[in-house]
Amino acid sequence: MITSIQELQEVASKKREDNEKNPREIGVERSSAFYTKQRRIVLQNEGLIDPDDIEDYIAHGGYMSLFKALDEMSPKEVIEEVKISALRGRGGGGYPTGLKWESVSKVISEQKYIICNGDEGDPGAFMDRAVMESDPHRVLEGMAIAGYACGANKGYIYVRAEYPIAVEKLNRAIKQATKLGILGENIAHSGFNFTIEIRLGAGAFVCGEATALIASIEGGRGHPRQKPPHLSDHGLWGKPTVLNNVETLANIAPIIINGGAWFKSIGTESSSGTKVFALTGHIKNTGLVEVPMGTTLREIIFEIGGGVEDGRKFKAIQSGGPSGGCIPEHLLDLQVDYESLKSAGSIMGSGGLIVIDDSSNMVEIARYFMDFCASESCGKCTPCRVGTTELTQLLDKFIAKKATKKDFELLKEMCVVVKSTSLCGLGQTAPNPVLSTIRYFEDEYLAGICDD
Amino acid sequence: MPIATDDRYNTLEKSMKKLGYDKSGLIEILHTAQETFGYLSIDTLKFIAQRLKLPYSKVYGVATFYNFFRLKPKGRHNVVVCLGTACYIKGSNKILEKIEERFGIKAGETTSDEALSLLTARCFGSCSLAPVMVCDDVIKGKVSLENPLCEIEEIIK
């Protein structure tokens with residue numbers, strides 16, 4: 001059992017000595033531009049520690065933040081520190097984490113919950129998978145600190161069933177932390193109790209939406225509901241609930257140990273810290289890239305990613321998954337943060353960046369995402385259920401080059417209707433890939449019109 | 001096989017007991033049932049409904065809502081083609097077409113000799129290896145567009 005900072009430090013120094021005697025081999029040479037241009041906070045431990053060994057995490061400074069918070073800080077001070085850091089939700093919404101915690105902490109209730117959203121549903125994104133698999137304790141530590149700050153003593157991690165290794169690593173981590181008394185009753189003699197359970201998703205994109213995710217944890221179909229009431233008042237089983245993304249929670253431990261001001265100093269004015277992107281598609285170096293907010297897309301694609309593969313020409317980069325949009329070449333000097341991506345017609349999203357070369361047809365890409373949303377629509381509200389299917393069929397006409405000018409007007413109008421009248425985020429953002437490709441690649445739509 | 005003599009129902013019963021027959025554990029139970037039986041038959045769903053004291057309509061509704069659950073038995077081997085964005089732009093839809101053509105089945109179907117089930121997935125989070133397919137739970141990355149079939153011929157031999 002570890003019950004104080006001193007004991008934690010003893011375990012850490014003993015393990016560090018062990019590690020020096022038996023150094024672990026690190027698989028990848030990290031001196032290439034792919035790594036040197038990155039700044040790793042969330043992925044700090046990725047590949048460097050043994051995710052199956054809690055002592056290795058402790059040796060790298062793990063659980064110091066939790067013990068520091070319990071020992072030296074009041075819940076209010078923890079929230080204050082997170083507010084100073086200006087950390088915003090990394091699932092894509094970008095809501096300030098400190099404010100979210102504060103509103104739950106103010107609600108008086110015997111039972112509150114912390115939920116970690118590990119249902120990484122965006123196709124082409126695997127940031128959270130890497131964190132859960134390579135550094136699971138970081139997620140647990142973030143959740144426990146959130147629990148202390150908000151007055152919650154129970155946490156759930158909702159993980160996709162498609163990530164069996166993440167489930168295995170998290171389960172093992174929970175077991176180890178419980179055994180050492182880092183999770184459980186009266187942690188570090190502070191009187192704070194916190195336990196964590198895993199709940200499996202079962203492959204539904206809509207479950208990334210907060211209220212749908214909660215319906216799924218409660219054992220039902222993942223149907224979203226109207227908000228308000230917000231989760232801070234009426235969340236899991238009707239109790240006040242904080243729902244944070246994996247990457248958001250992975251940022252908490254560094255913020256507590258280094259201070260909110262340190263975190264605020266990284267990134268841009270409106271978006272602090274770093275963001276992990278999953279860089280894939282027609283690009284030379286694929287993989288996870290963690291850069292400070294404000295890095296330009298050009299730097300990410302050409303300096304870190306090494307440019308487009310097979311000597312082809314860059315056409316667009318897709319961000320934000322099925323809720324996002326395509327950004328063309330002339331906007332590559334855009335500094336990546338929540339606001340600038342939004343102004344370009346895309347969104348930050350969870351962090352998938354897919355590079356598209358000039359061999360691709362943008363209408364087909366838009367159709368791909370619309371088809372995805374149509375089959376993932378939960379069916380509860382009409383604009384999304386019917387609208388996404390209608391939009392897919394309209395896009396088919398453009399691909400078959402059988403569309404009319406009237407179809408083009410209808411397409412644009414229907415995008416606006418689906419966006420403004422759908423119940424939840426899935427429908428409200430589903431038309432984004434179409435709208436952004438119309439904005440930047442209109443000629444490809446016009447090429448599909450036959451009644452000129 | 002009648003329920004009373006089928007051991008697999010015992011496994012299922014045990015996992016329900018472990019969760020205290022909690023209705024909110026339905027999705028976990030469906031996962032266990034699919035692992036145990038390979039798929040979710042109507043009989044299995046009715047059994048779960050009865051034991052958790054849930055309406056059958058609710059259990060059926062949940063089982064059919066989520067993509068991960070299968071209501072039909074699968075073949076001796078299975079191939080899952082990823083249709084995530086990174087795989088899609090690298091041509092995974094063409095890979096799928098080739099497999100469908102070669103084995104005469106559509107995605108979601110099983111060959112008549114029950115040798116092969118062809119499935120699709122939204123994303124395995126292995127996008128760096130795109131295009132990806134999973135043959136009998138083993139991930140195959142950077143699948144060739146010209147001939148994606150060798151790997152499959154190999155496993156169903």
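Which residue stands opposite A:Tyr113 in E5(A)? In this predicted model, the residue opposite A:Tyr113 is A:Thr241.

**View 1. The open sheet of chain A is built from 5 strands.** The strands follow the order E3-E4-E2-E1-E5, and their pairing is mixed. Strand E3 (184–187) and E5 of chain A form the edges; each has a single partner strand, so one side of each is left without a neighbour in the sheet. From one strand to the next, the twist averages 25°.

**View 2. Strand E1 of chain A pairs with E5(A) in the parallel sense.**

**View 3. A:Val242 is a buried residue of chain A.** This residue belongs to strand E5, which spans residues 241–245. A:Val242 counts as buried because 27 C-beta neighbours lie inside 10 Å, where 20 or more are required. Leaving out residues up to four places away in sequence, A:Val242 touches A:Lys100, A:Trp101, A:Val104, A:Ile114, A:Ala146, A:Cys150 and A:Ala152. By contrast, A:Ser190, 52 residues away along the chain, has its C-alpha atom 22 Å from that of A:Val242.

**View 4. A:Ile145 and A:Ala146 belong to the largest nonpolar core.** This core contains 175 residues, and these two touch the most other members. Apart from neighbours within four places in sequence, A:Ile145 is in contact with A:Ser65, A:Leu66, A:Ala69, A:Val78, A:Ile252 and A:Ile256.

**View 5. Domain 2 and domain 3 of chain A are in contact.** The domain assignment of chain A gives domain 1 (5–23 + 31–264), domain 2 (274–357) and domain 3 (362–446). Taken over C-alpha atoms, the centres of domain 2 and domain 3 of chain A are 22 Å apart. The contact brings together 10 residues of domain 2 and 15 residues of domain 3. On the domain 2 side, strand E9 (residues 325–328) of chain A gives the most, with 3 residues. That side of domain 2 divides into 5 nonpolar, 5 polar and no charged residues.

**View 6. Chain A and chain B meet at an interface.** Here 31 residues of chain A are in contact with 27 residues of chain B. On the side of chain A that touches chain B, strand E6 (274–281) and strand E10 (352–357) of chain A each supply at least two residues. The residues of this side of chain A comprise 12 nonpolar, 14 polar and 5 charged.

**View 7. Chain B is divided into two domains, domain 1 (3–65) and domain 2 (77–156).** The C-alpha centres of these domains of chain B lie 30 Å apart. Chain B has 7 helices and 4 strands, arranged along the sequence in the pattern α-α-α-α-β-α-α-β-β-β-α. Along the principal axes, the C-alpha atoms of chain B fill a box of roughly 50 × 30 × 25 Å. Of the 157 residues of chain B, 32% count as buried. Among contacts in chain B between residues at least 6 apart in sequence, 58% connect residues at least 24 apart.

Note on methods: Residues numbered from 1 in each chain as written. Chains lettered and ligands numbered in written order. Predicted model: local features only at pLDDT ≥ 70, side-chain atom pairs only at ≥ 80, totals over all residues. Buried ≥ 20, exposed ≤ 12 C-beta atoms within 10 Å, placed from the backbone. Contact = placed C-beta atoms within 7 Å. Nonpolar A, V, L, I, M, F, W, Y, C, P; charged D, E, K, R; others polar. Domains from an automatic or database assignment. Pairing = 2+ DSSP bridges. Axes fitted to C-alpha atoms, helices over the stretch in contact; angles between N-to-C directions. Core = buried A, V, L, I, M, F, W, Y, C linked by C-beta atoms within 7 Å.
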